[in-house]
Protein chains: 2
Amino acid sequence: MRQSQLFPKTKKEAPKDAESINHKLLVRAGFMDQLMAGSWTLLPMGFKVVQKINQIIREEINAVGGQEMLMPLLHPKTIWNETGRWDKADEIMYKLKDSRDKEYALSFTHEEIVMDLLRKTISSYKDLPVSIYHFSTKFRNELRAKSGILRGREFMMKDLYSAHANEVDLMEYYEKVKVAYSKIFTRLGFNFKIAKASGGVFTDKFTHEFQVLSDVGEDTIYWKEGDEEAVNEEVMEGDKAEYKSAKSIEVGNIFPLGTFYSERMRAYFTDRDGGKKPIWFGSYGIGPTRVMGTWVEVSHDDKGIIWSKQIAPYDVHLVELKSDSGEGKAEKIYDKLKQMGFDVLWDDRDVSAGEKFGDIDLIGIPVRLVVSDKTGDKIEHKERTSDKSELLSFEEVARRLQE
Amino acid sequence: MRQSQLFPKTKKEAPKDAESINHKLLVRAGFMDQLMAGSWTLLPMGFKVVQKINQIIREEINAVGGQEMLMPLLHPKTIWNETGRWDKADEIMYKLKDSRDKEYALSFTHEEIVMDLLRKTISSYKDLPVSIYHFSTKFRNELRAKSGILRGREFMMKDLYSAHANEVDLMEYYEKVKVAYSKIFTRLGFNFKIAKASGGVFTDKFTHEFQVLSDVGEDTIYWKEGDEEAVNEEVMEGDKAEYKSAKSIEVGNIFPLGTFYSERMRAYFTDRDGGKKPIWFGSYGIGPTRVMGTWVEVSHDDKGIIWSKQIAPYDVHLVELKSDSGEGKAEKIYDKLKQMGFDVLWDDRDVSAGEKFGDIDLIGIPVRLVVSDKTGDKIEHKERTSDKSELLSFEEVARRLQE
């Protein structure tokens with residue numbers, strides 16, 4: 001992509017109302033724009049980052065048998081009434097009436113809607129297990145929406161649902177998803193902990209949260225030295241003084257919901273023995289837009305964002321410093337790298353070197369390549385995480401990018 | 001994918017309330033499920049078809065410089081009020097209030113929201129042109145929603161928006177998008193016409209609709225023998241008797257909106273001459289879910305759906321007829337085809353041959369492969385569009401799939 005054509009251009013200043021780092025940097029660098037409090041447009045570079053996050057999630061969820069689909073966002077009151085959540089989750093649900101006075105809720109999650117689908121399609125133990133997921137929009141009427149894209153009134157969620165013939169099968173799958181989630185957050189490069197927690201409006205059972213350690217987190221989790229799993233305050237046992245604590249940001253959660261939903265919604269199947277039994281149910285969420293914001297919170301410096309290779313909007317940021325003899329070098333490198341399959345942002349704008357270098361650090365692509373009169377037939381290669389630059393041949397640059 | 005694990009299984013009967021072919025066949029074959037009138041879950045196979053449609057659209061829109069992004073679905077009343085469409089489009093908009101009595105509309109389109117973004121980001125002619133698009137959910141309060149997935153209250157839309165410094169640049173781009181749309185519908189395999197039409201709640205100018213000829217269409221378009229472009233009734237000129245007509249389904253539309261939106265929303269830029277000018281604006285829509293439904297309307301027989309290679313959920317439907325000696329042949333073919341990059345649905349279920357063949361025709365994957373005792377070391381190859389089957393070697397099967 002030629003940067004002269006990239007929409008939109010970067011901003012010199014962060015928005016005045018921005019309090020959080022992710023809000024300031026993602027808006028200034030042109031990754032997102034605020035429509036209203038808690039509501040964000042993913043601009044082209046932000047959309048690319050979220051697509052890369054989604055692809056990592058998709059690969060690991062497919063690997064545990066998840067089948068991707070897409071469910072509606074406008075839900076009838078009748079279905080939400082069956083579990084009592086129309087009233088119980090009233091505070092966070094957006095509700096509306098149509099012109100015929102029929103009542104609806106906007107999706108804040110999809111358990112009831114998935115259960116409605118399951119009771120229509122599952123009749124026998126032979127139809128189980130089922131593992132289905134989608135990436136879709138969630139709406140939550142958050143009174144406070146000041147953490148940039150970390151806490152939105154409208155946001156993207158990957159939600160996976162699994163249905164089983166018995167508790168053993170559910171819990172085996174639950175552990176598989178826990179492992180898949182660990183792989184996802186490891187691939188994304190986070191320093192995270194798994195915390196045992198209570199289930200809120202979802203379930204009375206214990207659940208697990210995936211928490212990224214960060215000073216700006218709204219949560220606090222606790223763990224004992226040597227323990228692999230952490231806990232949140234509600235499920236802490238024994239002497240609080242024995243625990244270490246941390247501020248953290250929740251990026252994923254998994255819920256072994258049991259038969260709460262299926263019993264209330266009468267989702268029964270015929271088991272091997274001929275008996276009618278309720279479906280065992282689990283749900284598993286990750287917020288990809290929150291993941292993007294969390295990454296920026298934990299990976300930036302005073303100049304801008306520092307993306308990892310895995311989720312960077314481009315592989316390379318290429319710039320040519322204009323001179324009499326150097327013109328046209330960048331275009332050749334751009335074409336060659338594109339042919340090799342690299343995704344290159346080429347700053348072809350007619351602006352000062354200072355502005356170009358400022359934008360490069362602000363946007364935070366992992367590798368910066370500079371050509372100018374001074375570089376001769378070499379290319380100046382610098383990583384966003386390093387202060388050191390090196391003069392390399394094209395072949396050596398290509399080799400390092402392939403690493 | 002092993003069919004024993006595919007969610008959900010096919011249904012023996014179409015839903016009782018289904019009137020249209022796409023409703024009957026897509027539900028029976030397990031591509032979609034109705035949550036409520038006009039509201040559909042895309043089940044895994046339906047999701048795959050729509051993703052393939054989206055990919056064709058994405059490639060052609062990227063080729064004319066479109067940049068993909070993602071915009072919010074919940075919109076503030078204040079912005080919709082600026083153009084008067086909060087009232088003008090009242091009938092089709094879903095509206096709601098939050099707990100603080102702030103009013104919102106659900107996205108039925110995004111012109112105002114895009115214009116709000118443009119006025120925040122475009123200041124100079126140097127920032128133009130801009131071409132941005134997304135695949136996102138649209139909500140329309142349709143009183144009548146009986147045409148299956150052709151007319152939904154909630155549906156997927158690819159909407160592209162372009163912004164320009166002057167009318168000439170807008171109209172040049174408009175013609176480029178018209179060509180891109182023709183490429184898209186040609187790649188999708190439709191028999192379509194481009195019809196000149198009026199703009200409804202979008203614009204007072206002429207617009208163009210992409211109409212697929214079909215007996216079940218809700219529209220009627222007219223054309224003269226030899227004319228490339230058709231017209232709709234509102235813009236027909238001269239003697240009606242000179243025109244041929246057709247029932248048709250609208251699958252795309254393009255709107256040269258001019259400066260209506262930018263003037264009302266005060267989206268001005270500084271032109272080359274230093275003057276403040278309103279942004280010239282266009283919008284361009286395609287409904288991928290409607291495209292899927294339209295395909296089924298125009299491509300089916302009394303046994304089921306007939307997918308094209310371009311948008312089929314799988315490349316191949318493989319089945320083994322059980323016998324003493326034949327067991328295990330299918331698995332080897334399945335593994336080999338997968339390794340070669342083909343997407344195979346393998347019917348590994350323990351059901352009768354009749355049920356397997358019935359499902360194969362119902363689901364409508366382009367190529368059916370059968371192995372049994374009778375086929376020896378060959379594979380029986382049959383296309384969904386043909387009654388004739390042939391015994392072929394694996395290599396010949398692979399060669400035909402690669403064609």
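Predicted model: local features only at pLDDT ≥ 70, side-chain atom pairs only at ≥ 80, totals over all residues.
**Exercise 1. A bridge in chain B**

Solution: 
- Next, look at the two strands. β4(B) runs antiparallel to β6 of chain B, which covers residues 103–106, and three bridges link them.
- Now zoom out. Chain B has an open three-stranded sheet in the order β4-β6-β5, and the pairing is antiparallel.
- That leaves β4 (74–76) and β5 (95–97) of chain B as the edge strands, each pairing on one side only.
- To finish, get the twist: from one strand to the next it averages 35°.

**Exercise 2. The sheet in chain A**

Task: Work out the strand order of the three-stranded sheet in chain A, and say which residue stands opposite Leu96(A).

Solution: 
- The order is β4-β6-β5 in chain A, again an open sheet with antiparallel pairing.
- At the edges sit β4 and β5 of chain A, each with pairing on one side only.
- The average twist between one strand and the next comes to 35°.
- Focus on β5(A): its antiparallel pairing with β6 of chain A (residues 103–106) spans three bridges.
- Within β6(A), Tyr104(A) is what Leu96(A) faces.

**Exercise 3. Relating the two chains**

Task: Which rotation and which shift superpose chain A on chain B, and which residues make the contact?

Solution: 
- Two copies of a chain are related by a rotation about an axis plus a shift along it.
- Here the rotation is 180° and the shift along the axis is 0.0 Å, with an RMSD of 0.0 Å. That's the relation of a two-fold axis.
- For the count, chain A gives 38 residues to the contact and chain B gives 38 residues.
- Several elements of chain A supply at least two residues each to its side, among them β1 (32–36), α2 (44–63), β5 (95–97), α5 (111–121) and β7 (130–139).
- By residue class, chain A's side splits into 23 nonpolar, seven polar and eight charged.

**Exercise 4. Two helices in chain B**

Task: Describe how α1 (residues 21–28) and α8 (residues 288–298) of chain B pack, and list what meets what.

Solution: 
- You need an angle between the axes and a distance between them.
- For α1 and α8 of chain B the angle is about 100° and the axes are 9 Å apart. So α1(B) is roughly perpendicular to α8(B).
- On the α1(B) side you'll find Ile21(B), Asn22(B), Leu25(B) and Leu26(B); they meet Gly293(B), Val296(B) and Glu297(B) of α8(B).
- Sort the contact residues by class: four are nonpolar, two polar and one charged.

**Exercise 5. Domains of chain A**

Solution: 
- The domain assignment gives domain 1 as 3–301 and domain 2 as 314–402.
- Over C-alpha atoms, the centres of the two domains of chain A are 38 Å apart.
- Five residues of domain 1 and eight residues of domain 2 make the contact in chain A.
- On the domain 1 side, one residue is nonpolar, three are polar and one is charged.

Technical notes
Residues numbered from 1 in each chain as written. Chains lettered and ligands numbered in written order. Least-squares fit on C-alpha atoms with pLDDT ≥ 70 in both. Contact = placed C-beta atoms within 7 Å. Helix = DSSP H or I, 4+ residues; strand = E, 2+ residues; numbered from the N terminus. Nonpolar A, V, L, I, M, F, W, Y, C, P; charged D, E, K, R; others polar. Pairing = 2+ DSSP bridges. Axes fitted to C-alpha atoms, helices over the stretch in contact; angles between N-to-C directions. Parallel < 35°, antiparallel > 145°, perpendicular 65-115°, else oblique. Domains from an automatic or database assignment.
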